Amino acid sequence: MSGHLLEVSTKRTIPLQDTMLLGRKKDCHIRLTDSRVSRQHAMIRRQDDGAYWYYDLGSSNGSYINDQRVITTRKLANEDTIRICDHEYRFDSGEATGTDREDDSLDATISEIRTIPVVMLVSDIKGFTKISEALPPDVLAQTIGSWYRECDDVLGTHGATVDKFIGDAVLAYWMDVNPEVRARALAGAKALREACDRISSDHAATFAEHDLRLESGIGLHLGKVAHGQMGQGTFTMLGDAVNITFRLESLTRPLDRNILVSEEFLSGWNEGYDFCRHEGSHIVKGRTTPLEVYSVERFPEDSPVAAA
């Protein structure tokens with residue numbers, strides 16, 4: 001059984017899909033026609049482990065779980081109370097307990113898990129600990145929430161699917177790996193950088209006071225993953241290539257580069273090398289084989305070089 005929300009004031013039960021937007025916009029899954037509620041106020045996502053996570057999307061008046069303001073991603077526990085202004089919901093994970101648990105394994109549909117190549121992107125906020133220590137809680141919540149919203153919007157615009165948010169990081173993927181898609185992935189990485197600049201500008205005075213700037217490291221890799229769905233839409237993407245993408249992003253700090261791509265990302269796309277500079281071979285945690293790493297210096301739309 002999937003999770004659901006119970007609207008406290010009306011006792012209405014709202015089944016949760018894999019992604020649910022809450023806000024004032026007409027296309028929100030849970031629409032709150034209240035001027036204090038932001039147009040895209042919050043999001044609930046079901047991760048690949050079946051758990052539901054709550055994200056405030058940089059709202060002006062904040063979100064509260066059990067009367068504590070949501071700063072970053074928050075894993076929902078059974079009977080958590082979510083409050084947005086005067087709108088209150090109680091979360092039910094949908095999991096039976098004790099002797100009442102039903103064996104619904106026969107009801108779950110497990111799709112074939114295939115090994116396929118995908119393009120993956122990991123983006124992680126640089127210096128998050130410093131930022132979280134310096135900023136007032138309300139500004140921090142709006143900053144990180146705005147970053148979640150921008151990631152979801154930017155990556156979706158560039159054809160990617162957001163697999164999951166993990167604290168201050170995001171994992172996304174493209175199901176095709178042709179040169180046109182890889183060019184689109186580079187454009188998406190550039191747009192994520194520009195989004196960080198916009199968010200920093202929105203909080204310019206506070207950021208300047210603490211000598212801060214919002215920046216994210218980005219890693220792009222192409223590799224084979226185990227891909228499939230289990231049960232009610234729970235997505236599975238597993239494999240060494242996923243780990244490589246995270247390790248690649250982690251190199252942006254010691255190499256002092258914002259966007260890094262792997263040799264595999266460029267292989268078979270000769271024009272792609274024109275946008276990058278070779279940064280050498282690097283050993284990363286958990287691997288004995290060095291990674292050939294490239295930094296992105298310019299983007300397909302910045303030059304006449306064809307993307308495909």
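Modeller: Here are some labels, each set against its definition.

Modeller: This is a predicted model, in which local features need pLDDT of at least 70, side-chain atom pairs count only at pLDDT 80 or more, and totals for chains, interfaces and linings use all residues. Residues are numbered from 1 along each chain as its sequence is written, and side-chain values use heavy atoms, with hydrogens and water left out.

Biologist: What is the average pLDDT of the protein?

Modeller: The average is 88, where pLDDT is the predictor's confidence in each residue, from 0 to 100. At least 70 is reached by 88% of the residues. Over residues 98-110, though, the pLDDT is below 50. That stretch has 9 contacts beyond near neighbours in sequence; a contact means heavy atoms within 4.5 Å. Residues 303-308 also fall below 50, with 15 such contacts.

Biologist: Why is the pair Arg-45 and Asp-152 called a salt bridge?

Modeller: The term needs a side-chain nitrogen of Lys or Arg within 4 Å of a carboxyl oxygen of Asp or Glu. The closest N and O atoms of Arg-45 and Asp-152 are 3.7 Å apart, so the pair meets the cut-off. Helices (H or I, at least four residues) and strands (E, at least two) are DSSP runs, numbered from the N terminus.

Biologist: What makes Arg-45 buried and Asp-152 partly exposed?

Modeller: Buried means under 20% relative accessible area, exposed over 50%, and partly exposed in between (1.4 Å probe, protein chains only). Arg-45 has 7%, so Arg-45 is buried. Asp-152 has 25%, so Asp-152 is partly exposed.

Biologist: How do you know that Glu-150 and Arg-198 form a salt bridge?

Modeller: Their N to O distance is 2.9 Å. Glu-150 is in helix H2 and Arg-198 in helix H3 (residues 179-202), 48 residues apart. Glu-150, at 15%, is buried. Arg-198, at 38%, is partly exposed.

Biologist: How many salt bridges does the structure hold?

Modeller: There are 16. Among them is Asp-163 with Lys-164, at 2.8 Å. Both of these residues are buried. Arg-257, Arg-277, Glu-279 and Glu-297 are linked in a salt-bridge network.

Biologist: Which side chain of opposite charge is nearest to Asp-168?

Modeller: Arg-253, at 6.0 Å. Lys and Arg count as positive and Asp and Glu as negative, while His and the chain ends are not counted. That distance is beyond the salt-bridge cut-off, so Asp-168 is buried yet has no salt bridge. Asp-168 is in the loop between strand E13 (161-166) and strand E14 (169-174). Among the residues it touches are Ser-123, Phe-128 and Trp-147.

Biologist: Why do E6 and E9 count as paired?

Modeller: Two strands pair if DSSP finds at least two bridges between them. Strand E6 (residues 52-56) and E9 have 2 bridges, so they pair, and they run antiparallel. Tyr-54 stands opposite Arg-74 in E9.

Biologist: What makes E4 and E9 edge strands?

Modeller: The open sheet has 5 strands in the order E4-E3-E5-E6-E9, with mixed pairing. Strand E4 (30-31) and strand E9 (74-75) each pair on one side only.

Conventions: Lists of a residue's contacts leave out its neighbours within four places in sequence.
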